[in-house]
Amino acid sequence: MARRIGFFICECGPNIGENVDIDAVLNAVEDMDDVVLAARFGLMCSGPGKDFLKTNIKTEKLTHLVVAACSPKQHELTFMEVCEDSGINPFLFQLTNIREQVAWVTKDKEEATEKTIRLAKAAIRRVRYHDPLSKTALAVNADVLVIGGGVAGMAAALRLASPERRVHLVERASSLGGRVAAQGPIYPTMASGGEMAASLVDLVEGNDWIVVHRYSEVSVVVGFFGNFEVVVTGELEDGGTLETKVNVGAVVVATGAEVLEGKPLEDLGHGSIDGVVSSAELEAMLADGSIGGKGGKAPKSVAFVQCVGRDEVGYCSEICCMNSAKQARLLLEAAKGAKVHILYRDLCVPGRDQQAFLEGAVKAGANLVRTTSVEVGGSKDGITVSHSLDDGKAEKLMVDMVVLSPAMVPPKGTEGMAEMLNVELDPSGFLLEAHEKLEPMAAGIDGIYLAGSASGPRSVGDSIVQAEACAGRVLSSLIPGRTIEPEIRVSHILETLCTGCQTCLEVCCYGAIVYDPTKNVSHINAAICRGCGNCVAACPSNAISLYHFTYKQLYQEIVEAIR
Ligand code: SF4
Ligand code: SF4
Ligand code: SF4
């Protein structure tokens, strides 16, 4: 069938209309090969604008469409839908951006018009080489894998599990609950962390739609949103291992954070001076009643040292100040008249509730001391804490107990987890979210979500909120019985040209390419490929091509643009 191309230029009100000579553009393109109509419209994305396109597609029997308007990010889909509604394959369409790339940036009208003509002609020449592409629909598996059985993992699992959605909850320890299971009161509510974790464990264990894999780790995850194949490796009592294969549509990572150990604490006397403990050790003593509680003793003077290891890890862990404020309150309740000092560098107190909580600790007797350096030493009368104040003055405290508040760090195995899931790490070694503000619960890979402290230290409350937000994202996108339409502008490899060099595997950020050693060629999984084009550029044998961005299409477009 002969090509009949329609070219339409949008005025975008004054945005384009006042800065580009639109009639000159129409005159310049109307005689190009296969162009049967060149027309203008005020606001092409409006209802009347779309109707204008549809009417002309019908009356002029157009086979291809070119629109000169704004950024494809803004309206490419709008006009592709117009094509679909009018019976044109949406890939026989080209949008050229003359607003952001011309009208808004090229001040001289003559120059802007000349630039617009070049872009319009390039788009028309390109569309002549477009091929129709067909969307495919894939059935989704609505089941979900949750990695990590702490409170965040359990909260996500409980929100997700239903008769239509089985959840596989994988925990490397023998029991669920994570760090919170061993905690006493948690700030700011002072509800018992242990009791909260225990009630979540009861709910998880009583839920028919949650399969708990204890003593287990996830060893393989391959696939894509809607269809992941997973291997869970469990430890057996006889020391052997058991591999269980499960299929899921999404993965929630809730692997939490750990407390820093080692030199930064040892430098402050941990392990060598009696009475120097970490905040986690104090938490355990408060929870089991060996400090405070009935019969438990309580130190008369305590110094909390904040930010231990902060310089080594290079970031603020955000939750330690409030944790120390909570522990200070508990110690002050346990021993009336006790002296409790919190030696801090910067206070991290996010939100009004936390602010009020900290003020409560100060009212109860906690003494906040801003310091620039701290040294801890042992003596026969107690522990000496020498520190420099903000103004450079040196001070010394004599206390019964020193509580070191160390940085929170990614749990062991995070690097391997990132590699397996193909998720990036942030500079501090936690899993990187897609966007800190806009997508804090999504990883950069479709179908993989980050809950709790997996992407950085979080309080118990924030972890649960984020876990539920993750579950919300899964529930709204992975709907039982629905299908997904994967991107079709993806790459493919021509086996006859592939030399098996595997360069493409190194540049694919999405793990979409696998090497087949039996045939010495690589393959692209079209469902995972995001069409970024990295592999196309990297392949030394020109064996890779990207649908809708073929060499021929790009060449024709560029030739016309620079003519
Ligand atoms: S299609 Fe784009 S350029 Fe045209 S009116 Fe809409 S926003 Fe403006
Ligand atoms: S880079 Fe090209 S030649 Fe090398 S394995 Fe990939 S497709 Fe084959
Ligand atoms: S186009 Fe990008 S995402 Fe697709 S296989 Fe190539 S490098 Fe990977």
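Ser491 is buried, because its relative accessibility is 4%, and buried means under 20%. The model in which this value was computed is a predicted one. Ser491 belongs to strand E28, residues 491–493. Apart from neighbours within four places in sequence, Ser491 touches Ile524, Cys529, Cys535, Val536, Ile544, Ser545 and Leu546.

Pro540 sits in the loop that links helix H17 (534–538) to E31. Is Pro540 buried or exposed? Pro540 counts as exposed because its relative accessibility is 60%. Beyond the neighbours within four places in sequence, the contacts of Pro540 are Cys501 and Thr503. Pro540 and Leu497 are 43 residues apart along the chain, and their C-alpha atoms are 10.0 Å apart.

Phe549 is located in the loop between strand E31 (544–546) and helix H18 (551–562). With 36% relative accessibility, Phe549 is classed as partly exposed. Together with Leu554, Ile558 and Ile562, Phe549 makes a nonpolar surface patch of about 370 Å².

**The four-stranded sheet**

An open sheet is formed by 4 strands with parallel pairing, in the order E2-E1-E3-E4. Strand E2 (35–41) and strand E4 (93–97) are the edge strands, and each of them pairs on one side only. From one strand to the next, the twist averages 15°. Strand E1, residues 5–10, runs parallel to E2 and is joined to E2 by 6 bridges. Within this pair, Phe8 is opposite Ala39 of E2.

Helix H6, residues 109–127, lies across E1, E2, strand E3 (64–69) and E4. The direction of helix H6 is at about 165° to that of E4.

Cys12 is found in the loop between E1 and helix H1 (14–17). Cys12 counts as buried because its relative accessible area is 15%. Leaving out neighbours within four places in sequence, Cys12 is in contact with Gly42, Leu43 and Arg99.

**Strands E6 and E7**

Strand E6 (residues 144–147) pairs with E7 in the parallel sense over 4 bridges. Val144 is opposite Val167 in E7. Which residues cover the two sides of strand E7, residues 167–170? On one side are Val167 and Leu169, on the other His168 and Val170, and all of these are buried.

Strand E11 (residues 216–224) and strand E12 (residues 227–235) run antiparallel and are joined by 8 bridges. Gly223 stands opposite Phe228 of E12. The hairpin of E11 and E12 has 2 residues between the strands, and Gly226 takes a positive phi near 100° there.

E12 is also joined to strand E13 (residues 241–248) by 8 bridges, in an antiparallel arrangement. Gly234 has Leu242 in E13 as its bridge partner. In the hairpin formed by E12 and E13, 5 residues lie between the strands, and Gly239 in the turn has a positive phi of about 90°.

**The seven-stranded sheet**

How many strands form the open sheet with mixed pairing? There are 7 strands, in the order E16-E22-E17-E18-E19-E20-E21. Strand E16 (276–278) and strand E21 (394–399) each have a single partner strand, so one side of each has no neighbour in the sheet. The twist in this sheet averages 35° from one strand to the next.

Strand E17 (residues 301–308) and strand E22 (residues 401–406) are paired in the parallel sense over 5 bridges. Phe304 is opposite Val403 in E22. Helix H12, residues 320–334, packs on the sheet and touches E17, strand E18 (339–344), strand E19 (366–379) and E22. The directions of helix H12 and E17 make about 170°.

**Strand pairs in brief**

| Strand pair | Sense | Bridges |
|---|---|---|
| E1 and E2 | parallel | 6 bridges |
| E6 and E7 | parallel | 4 bridges |
| E11 and E12 | antiparallel | 8 bridges |
| E12 and E13 | antiparallel | 8 bridges |
| E17 and E22 | parallel | 5 bridges |

Key: Residues are numbered from 1 along each chain as its sequence is written. Chains are lettered from A and ligands numbered from 1 in the order in which they are written. This is a predicted model: local features need pLDDT of at least 70, side-chain atom pairs count only at pLDDT 80 or more; totals for chains, interfaces and linings use all residues. Side-chain values use heavy atoms; hydrogens and water are left out. Two strands pair if DSSP finds at least two bridges between them. Axes are lines fitted to C-alpha atoms, for helices over the stretch in contact, and angles run from 0 to 180 degrees between N-to-C directions. Contact means heavy atoms within 4.5 Å. Patches are made of residues with over 30% relative accessible area and no salt bridge: like charges are joined within 9 Å, nonpolar side chains (Val, Leu, Ile, Met, Phe, Trp, Tyr) within 5 Å. Accessible areas come from the Shrake-Rupley method with a 1.4 Å probe; for residues, only the protein chains shown count as cover. A salt bridge is a side-chain nitrogen of Lys or Arg within 4 Å of a carboxyl oxygen of Asp or Glu. Buried means under 20% relative accessible area, exposed over 50%, partly exposed in between (1.4 Å probe, protein chains only).
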